[in-house]
Amino acid sequence: MNTARQVLLLSELEPGQFADSFVLLVSKEKATTRDGKPYYRVQFRDSNVTATSMIWSDTTWFEDCESKWEEGEFYKIRARYDENKYGPQLDLDRIRAVIEGDEADGFDPSLYFNRSRFSSEEMFQELMEITQEQIEDVPLKNLVLEILNQYETEIKTIAAASRNHHAFTGGFLEHVLSVTRTACYLADKYSIYYQEMQPPLNKSLVVAGAILHDIGKLTELEYKPHASSYTPAGRLIGHILLGRDLVRDHAKNIEDLEPETLLRLEHMIVSHQNLPEWGSPIAPHTPEALLVHYADDIDAKFHMMATMLEEVLPGNEDQFTSRDNALRRSIFMGLKSKE
């Protein structure tokens, strides 16, 4: 065993290595064994690696974990790092909260928060350009621009969810822009395919709905760099109705916005998750709403699957991932050589 105790990032550790690291505690979940004994599944991370530590009821750390350890707090640990089919693991030897002076040993809080791979400034600029160029209905365009301008800071910053998909700083904007790009493509494609539709497919509505479909998350989620959480309004009402209400309030300021246009836009927001068990009170009943639903759904689910495959550890010989993921399914990684 490597017994060197220099301070290293989790992402610098090799399997079997024993070292000191500064970590961010991002998750602490209590559960019980089959025998009814309590335990905690704790996750620590830096910006690149998240590692799990199992804190059993008969171990040294259980009482402190239960009463003192807090999500969103930084700690200095001494631990043995390993990797198995469930991902990176930590066997703790020592742990304490980060203290003043740890900066001298390399502690830097900016190293521990996940964020979008893409520039928020550039993504927001592209979203504004799409609004200007692709929404031909002027009152509808003005509605979208008013909302984007008023909430620019939040839109550039917040996560798209508390977990599962785009749950990181800038994740909301990354998701919304991706959905909007896909929705634009689908609107162009099906406008050409089905030119006899009455009324014709309304690309302006498709684009506006894609941009605003998740806008209620601005009030559903309380943004935190380490892990966003739900607000009381988020838990009791949810982003779908919060988003409909936000759009309805801003629509009062827009001259010449057609009532039917607003109705169709509201329908796109409340139906974009398609099923009651997913949060929508009604399924899509317009072509525009249908396109936004599928653009949203594929972006969220592809992100979940891609993230699983991005996190496959080097040297992994398994043909399938674990089912311990947001999609609750094993993803095929390819046939492995028997040699």
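**Ground rules.** The model is predicted, so I kept local features to pLDDT of at least 70 and side-chain atom pairs to pLDDT 80 or more, while totals for chains, interfaces and linings use all residues. Residues are numbered from 1 along each chain as its sequence is written, and side-chain values use heavy atoms, with hydrogens and water left out.

**Salt bridges.** I took a salt bridge as a side-chain nitrogen of Lys or Arg within 4 Å of a carboxyl oxygen of Asp or Glu. The count by this rule is 19.

I looked up Asp105 and Lys76 next. Their closest N and O atoms are 3.9 Å apart, and they form a salt bridge. The pair links distant parts of the chain, 29 residues apart: Asp105 is in the loop between β5 (87-97) and α2 (120-134), and Lys76 is in strand β4 (residues 74-84). Helices (H or I, at least four residues) and strands (E, at least two) are DSSP runs, numbered from the N terminus. For burial I used relative accessible area: buried is under 20%, exposed is over 50%, partly exposed is in between (1.4 Å probe, protein chains only). Lys76 counts as buried because its relative accessibility is 14%. Asp105, at 42%, counts as partly exposed.

Asp297 is buried at 18%; Lys301 is partly exposed at 30%.

I also noted Asp93 and Arg94, whose side chains meet in a salt bridge at 3.9 Å, N to O. Asp93 is partly exposed at 37%. Glu121, Glu152 and Lys156 are linked in a network of salt bridges.

**Surface patch.** Ile192, Tyr193 and Tyr194 form a nonpolar patch on the surface, with about 380 Å² of accessible area together. Areas come from the Shrake-Rupley method with a 1.4 Å probe; for residues, only the protein chains shown count as cover. I placed Ile192 in helix α5 (residues 171-193). Ile192 counts as exposed because its relative accessibility is 58%.

**Ser280.** I found Ser280 in the loop between α10 (259-271) and α11. Ser280 is buried, with a relative accessible area of 2%. A polar atom of its side chain lies 2.9 Å from the backbone nitrogen of Gln273. Leaving aside neighbours within four places in sequence, Ser280 is in contact (heavy atoms within 4.5 Å) with residues including Ile240, Val270, His272 and Leu275.

Methods: Patches are made of residues with over 30% relative accessible area and no salt bridge: like charges are joined within 9 Å, nonpolar side chains (Val, Leu, Ile, Met, Phe, Trp, Tyr) within 5 Å. A polar contact is a pair of N or O atoms within 3.5 Å; within protein, one must be able to donate a hydrogen and the other to accept it, and residues adjacent in sequence count only if both atoms are side-chain atoms.
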